[in-house]
Amino acid sequence: QHEAPRRVKRAWVIPPISVSENHKRIPHLLVQIKSDKQQPGGVIYSIKGPGVDEEPLGIFSIDKFSGKVFLNAMLDREENDRYRLRAFALDLGGVTLEDPTDLEIIVVDQNDNRPLFRQDVFTGRVVEGAEPGGTGWGVGLGWAPSQAGASTHRGPAATGTCVLTVDATDADDPDTDNAALRYSILEQGAAGMFSINASTGEICTARPGLDRETMGVYNLTVQAADMSGDGLTTTAVAVIYLEDINDNPPEFTKEEFSMEVEEQAVGVDVGKVFVHDKDLAGSPSWLAKFTILEGDPEGAFAIRTDPHTNDGVISVVKPLDHEVRDRFELTVSVQNERPLEPSAPASPRALATVRVRVRDVNEAPVFRENPRRISVLEGTPPGTPITTYTASDPDTHQVQTLSYALLYDPAGWLQLDPRTGTVRTKRELLHPSAFLQGGWYIALLLARDDAEPPLSATGTLSIEILEVNDHAPQLQPPAGVLCRRPGRGGTLLVGATDDDRPPHGAPFHFQLSPQHPQLARNWSLARFNGEVTHAVLAVLAELPEGLYSLPLLLRDSGTPPREQQQLLNVSVCHCGRDGTCLDGALAAATAGAGITLGALLIILGSTILLLVLAALGAARVRGRRRALRKGLLQRSRDDMRDNILNYDEQGGGEEDQVSRTHGRGPSDIEDFINEVGQGPALCPPPSPHPQRAGGDSLSLQGLEAADSDPSVPPYDTALIYDYEGSGSVASPLSSIVSSLTDEDQDYDYLSEWGPRFRRLADLYG
């Protein structure tokens, strides 16, 4: 809700009060306020606001009884140009008599501040030759960080090409003449080349004829004054640089230059051509650009600019041959990177002649074909010429002789004729070899002339070692395990490898040895699913468990093909329903499977050692029994009687049969001796099939002890071997115990027992 405005009595309304800054009569009466509501005892006046009870404190005060307002300190308009206070009227009891009213004090400005340029030094640039009435550009830079800034002015001006603008500020009241600034040039070091706009401070060209080569920098002293030029003043410096234009063409210092270079030199500097340019060094108007116009049709020379000296540097970019051309005459031109100004005069020395002489030097030999690639068959015998690798000497004006040497021959396979360059094999070239790189053998040859000093060249000889089919395929692996029955794990995958490279290796041809046609009854060998390196071996009939050695014929696909017969050791085992060998059958069947040559030698040595130990044990037992028999014979001699003993005569066939079977053992002889010792009796004829019971008790006991020992291998286990053909030089294999038969017993001692044992000595001795 808005209250209705109440009329304020005119006596309580206080108009603004003006007071000059820097007023020195302190205290100074500003105004007296008075309320129309007089009360018995009087009215109490007070003021509040900035300068009274707010910062800055103590500037204004009031007499509370009379209402007079006083100025107590000097004022500065640049700090605060006006103060707004509130006036109050109260009775003695503190009750407000009047509504508070505004008291505004205005500080009047005085010219107490000098103008200040925004920068101490102003910098501008203008192109040389700028005419009045054109357009220039300028940039002002400040020294103090608080005054940092730049002013740029472009555009036409009434008095000429404007370069830059200087500007200043004045802290006084901008609405008074105290801040009305005017600019002027106090000094410029030349006869009025620049002028300044008094109101804006813009500096422009005033006259033509600015030439950087004559004067490149102008230093101007400028002034700013307030009170429209009649008040306080300040000065600054304006530095004007003249920008160079290409108004001076480059010129050669002379018309002809001479230099020389060695032949075959590439990338070397031949010499320099010198130029002079009056324009600003390092600027595009000064930088020279050279061109070879004539005399170099092959492009053997190049010319570049030295960025430091601006001279032209001539270099060789293609080899020069003294024997082909020994002199060159080049025409060279020069111009600036920036186009020449139309007003600039033409140069009379923009062209120069350069004469280059090519000096003759000794040149190195050259292998025209480098590298040389040849092919040699693997196994080429030593001393075979394989190529003649020679170089040529470019020095046709000099008579020189070349010699050759092997620089790199890592395998020592080659020998070289030092005069003719003919390369021969020193040793047989082998493949594969660690010295081959992708089937190639790399050798380096050195060709050297006889000049002083001598020069040499290196040639690369790449020899391709052509593969020869000199290796037969090898069975891999040489052993395996399969089941005894066909169709239930009764197949074995066999493969082969060949040291020869294609096409002398796979595909391989697998075949059962044609020398043993009976193998086809039990075995088959066919290619595995079209593979070129594997075949499948299968059983055709149920076979006994054991180790079989199958001779296979393997042939490669080389030209001509190589073939070799090899043995495949196959362990046939008893398999379960899943087609895998049972644990016990696998251990027995694979006892010799996959045996290498080293393993065979170890097993053979172990077998011989066991045989020797068994023979030593048998000899020891035999010695004990012989001693026992000698003791019995000695006792029998004490009771020697002339009794006639009749024995049944046995035929030779019976005797032969006894020799092939187990005969009487030592226990039988002891029983016979006991019988003889009891008196005359008829000795029963030797049985053609003696039994092991009774007289063979010692042997049976030993056999039983060996069979019951878990640490003794089952030497009597029957081993089944495949048929290896007739005419085998190897003896049949049998157990160790079977060799200890009557045929191996020594019965010669029976002849020492007297006439009673003579018949036994004839039978068994």
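Modeller: Counting the bonded cysteines of the chain in sequence order, the pairing runs 1-2, 3-5, 4-6, and a search of the whole structure finds three disulfides. The model is a predicted one, with an average pLDDT of 77 for the chain and 75% of the residues scoring at least 70.

One of the disulfides joins Cys162 to Cys204, with an S to S distance of 2.3 Å. The torsion about the S-S bond of Cys162 and Cys204 is about 75°, so this disulfide is right-handed. Because Cys162 belongs to strand β11 (residues 162-165) and Cys204 to strand β15 (residues 202-205), the pair ties together parts that are 42 residues apart in sequence. Cys162 has a relative accessibility of 1% and therefore counts as buried, and Cys204, at 2% relative accessibility, counts as buried too.

Another disulfide links Cys483 with Cys575, and here the S to S distance is 1.7 Å. With -100° about the S-S bond, the link of Cys483 and Cys575 is left-handed. Cys483 lies in strand β35 (residues 479-483), whereas Cys575 sits in the loop between β41 (563-573) and α1 (583-589), so that the pair ties together parts that are 92 residues apart in sequence. Cys483 is buried, and Cys575 is buried as well.

The remaining pair to describe is that of Cys573 and Cys581, whose sulfur atoms are 1.5 Å apart in a disulfide. The torsion about the S-S bond of Cys573 and Cys581 is about -50°, so this disulfide is left-handed. Both of its cysteines, Cys573 and Cys581, are buried.

Where pLDDT is low, the predicted coordinates should not be read in detail.

Taken together, the disulfide of Cys162 and Cys204 is right-handed, while the link of Cys483 and Cys575 is left-handed, as is the disulfide of Cys573 and Cys581.

Definitions and conventions:
Residues numbered from 1 in each chain as written. Predicted model: local features only at pLDDT ≥ 70, side-chain atom pairs only at ≥ 80, totals over all residues. Heavy atoms only, no water. pLDDT = per-residue confidence, 0-100. Disulfide = S-S within 2.5 Å. Helix = DSSP H or I, 4+ residues; strand = E, 2+ residues; numbered from the N terminus. Buried < 20%, exposed > 50% of the residue type's maximum accessible area, 1.4 Å probe, protein only.
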